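Hi there,

Here is the structure I promised to pass on.

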Amino acid sequence: MGLEGEMDSSLSIRNLDEVLSNVLKPDEYVLSSEISPLTVPGENYGSIMVRVVINIKNRNTKNTRTLHAAGKLIPDNEIIKKVFDTQVTYKCEFYFYASIVPVLDEFLKRNGFPEGADFIAPFYGGRLNLHGGPEVDENAIILLQNLKQEGYITGQKRVGLDIPVAQTALDSLAKFHASGIGLRHLHPDVFESKLKPHFYCFTPYGLDELVLASLIPVLEKSDKFSKAEVDVVKSVFAQNVKKLDVSEAWGTIIHYDSWVNNILYKLEGTKPVHSILVDFQVFDYGTPLNDVMFFLFSSIKQDLFESQIDNLLNYYYQGLVSNLKTLGVDISKFSRSSFDQEVKMAVQNYEYYHAMWMLQPIMHEAFKSVASLKDGTEDPTSWSTEHQNKVKDITRMCFDKGWLISNSQLPMGSLPTIRHIETLLRNELAPNEFVVSTKSSRLTVPGENFGSEMLSIVIKIKDNVTKAERTLHTAAKLIPETKEVQTFFDTQVTYKSEYQFYSSIGPLLDNFLKENGFPEGADFIAPFYGGRLNLNGSDRVDEDAIILMANLKYLGYATGDKAKGLDISSVEVALKSLAKFHAAGIGFKQQNPQSFETHFIPYFYYFIGHHFHDLVFANLIPVLESGGFSTEEIETVKSVYQGITKKQDISNTWGTLIHYDTWMNNILIKNDGSEPKNAIIVDYQVYEQGTPLNDIMLFLFTSVQLDILKKEIDHFLDFYFNSLITNLRRLGLDISKFSRDSFNEEIKIAVKKYEFHHTMWLLEPILNPNLQSLATFKQGDVYLLNWTEEHKERIQFITRLCFEKGWF
């Protein structure tokens with residue numbers, strides 16, 4: 001049969017007796033069969049549906065009976081096969097009827113529902129091919145009861161359903177969802193083994209841009225929507241995430257395509273009495289509100305939509321909870337407030353987007369097939385008045401009810417939603433892999449990270465072919481929540497710089513090291529999975545920016561106690577990583593100067609904590625006066641502190657890529673037993689070109705246990721120098737330029753020009769136990785600068801050391 005519903009006269013169903021082996025009685029056989037189109041053009045897009053009238057005869061009694069079946073065949077158009085990923089989706093639907101339905105049916109019958117899974121059409125039989133392999137071919141068939149013969153009908157898709165019919169549909173959805181929730185809660189092993197292997201993440205192909213090109217002008221021309229709201233819609237389309245976080249309570253098997261054509265209902269007189277769900281090509285694991293919201297958006301009469309949606313949501317919720325109670329599920333987990341939250345998540349993450357593009361084939365009168373849309377023979381932009389009104393009504397309701405928001409509108413302290421996460425992982429996912437689910441939580445506690453928001457995101461990934469699953473433990477870096485902190489850290493520049501570091505500079509350093517004697521590459525940088533500045537393709541950093549990397553804490557890395565500092569072994573491991581980082585930059589610059597100019601220098605950034613400058617200085621001088629420093633020494637400190645020049649002259653020899661924020665929270669260390677083994681450097685917001693001694697002196701001044709620093713400062717400097725020289729030699733550089741005398745001179749330059757000042761103000765957030773946010777610094781309530789005795793002692797020691805070493 002062609003896509004326009006014309007019967008191919010050569011079409012037949014081979015070996016029909018085998019397909020019906022579970023339906024035929026021992027002495028029965030198929031006498032004959034007649035095949036004709038079951039659906040008209042535009043009623044079914046992803047398959048060929050045929051009416052199969054099967055005459056069955058008993059060999060002994062000679063009695064005959066007729067079986068009225070509906071046969072689902074694969075599309076005969078290659079475009080349609082690609083759009084619907086037929087090799088996967090057809091197989092999923094076959095296993096749904098052959099394997100999953102019997103499990104749900106038995107579970108329901110044993111737990112208070114003697115009628116079983118009566119929301120699903122009776123299954124007569126099916127196959128993927130004739131040879132028994134896993135491939136789906138032209139001999140594939142799924143044979144079901146012909147529901148139209150039993151009096152079931154579909155509604156008019158461009159008109160929608162009235163309330164009684166919608167309620168019967170919600171009854172069936174509530175029972176379907178309850179069966180999945182109940183099975184998962186009461187028999188999780190069965191759910192995992194029988195249902196989960198067949199879940200499939202289907203992403204619609206090809207309609208996004210076409211629909212958005214029509215949707216935005218419709219909204220912009222309406223006086224119902226502000227520019228900000230239109231921008232949110234654009235963002236939602238760009239970032240749709242079908243695989244949203246699924247809550248522990250609400251997760252279940254869902255249909256994912258619950259529009260009017262996939263829900264057939266039966267009337268007794270004029271009263272709808274029952275509904276059956278069909279077309280399980282893209283069933284999956286998710287929140288039941290995906291199905292419910294998509295059904296309400298796409299399939300309710302428009303004149304009833306606004307006035308009845310709350311009533312219909314109440315109706316569904318009550319039906320679902322009643323079913324769960326019958327099944328013996330603890331319904332205390334299914335509060336109305338959590339239900340409302342599931343509505344928000346479903347709409348924001350996928351169902352608004354889903355409804356907008358699905359209304360294209362539903363409301364477009366001339367729309368007959370996806371193939372004709374893809375090859376351009378149908379105009380997708382000629383939206384009718386009814387179509388335009390429907391999308392405007394849905395969109396307005398989503399904003400009015402708070403179902404559509406931007407991340408910037410989230411309440412302070414709530415977890416932002418990470419959208420379109422599969423696009424971030426495009427270099428990590430294998431060809432057949434997709435994201436099953438994500439789970440987010442805070443990665444850092446207040447006071448541990450000041451210039452960004454850090455989330456832990458656990459990502460479950462599945463292979464569609466092998467069904468193998470794996471888990472990716474990631475850390476996501478987002479922009480700060482408050483505008484004040486964004487301004488303080490100049491987020492528009494620093495976030496962009498860090499994204500460039502991980503996406504471009506890090507890989508360049510990694511390849512350079514691997515090609516020059518370091519097969520492990522840049523193992524001092526966290527593995528990078530992907531990132532973006534926004535979802536609209538501009539160069540502005542917004543609330544959808546993300547840098548996704550390996551979760552080092554999951555891999556066994558940890559930061560030390562910032563109030564105390566690091567021990568000798570941990571300091572040495574950190575210095576090794578810094579020496580390798582600096583050597584990589586020096587080597588790359590000297591051996592690839594043009595690439596260094598092109599890929600590194602444009603992203604270097606000059607950052608000074610101006611907000612801390614005067615406040616810290618006001619406390620520093622009294623602390624030094626009380627610590628026995630002479631008037632002359634204090635005047636020198638004033639001159640050094642107030643004469644900072646971060647942009648000092650950089651020698652051609654020592655100049656390299658430096659981190660510029662190397663305190664202990666930005667250096668994570670992994671232990672092998674009780675011994676530190678490796679260190680990874682994080683937080684590249686303010687990297688620059690400078691002397692490596694900027695990083696080293698800041699690290700030693702701020703991050704080493706004070707009693708150890710007093711004794712081992714010279715040892716640490718020797719250790720770093722020797723490590724750096726060893727690395728430079730391995731890279732093939734002329735190390736005669738890197739004398740110990742010139743190294744000592746770099747120390748003086750780094751300390752006097754910037755790192756003494758840098759240390760003094762950075763010790764404030766490090767050693768102040770009350771500081772949880774830089775925003776409080778400007779308010780002044782925390783910052784009466786009541787320094788602890790340990791804080792004062794460290795400042796006095798560092799200052800005395802600078803005089804004794806001649807660094808001032």
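Which residue caps the N-terminal end of H4? That is Asp-162, with a side-chain oxygen 3.1 Å from the backbone nitrogen of Val-165.

Before going on: this is a predicted model, where local features need pLDDT of at least 70 and side-chain atom pairs count only at pLDDT 80 or more, while totals for chains, interfaces and linings use all residues. Numbering starts from 1 along each chain as its sequence is written, and side-chain values use heavy atoms, leaving out hydrogens and water.

Helix H4 covers residues 163-186 (helices are DSSP runs of H or I, at least four residues; strands are E, at least two; both are numbered from the N terminus). From first C-alpha to last, H4 reaches 33 Å, close to the 34 Å expected at 1.5 Å a residue (1.5 Å times one less than the number of residues). Because 19 of its 24 residues are buried, H4 is largely enclosed by the rest of the structure (buried means under 20% relative accessible area, with a 1.4 Å probe and protein chains only).

His-274 sits in strand S9, residues 271-277. Its side chain makes a polar contact with the side chain of Tyr-152 at 2.9 Å (a pair of N or O atoms within 3.5 Å; within protein, one must be able to donate a hydrogen and the other to accept it, and residues adjacent in sequence count only if both atoms are side-chain atoms). The His-274 side chain also reaches the backbone oxygen of Asp-118 at 3.3 Å.

Happy browsing!

Definitions and conventions: Buried means under 20% relative accessible area, exposed over 50%, partly exposed in between (1.4 Å probe, protein chains only).
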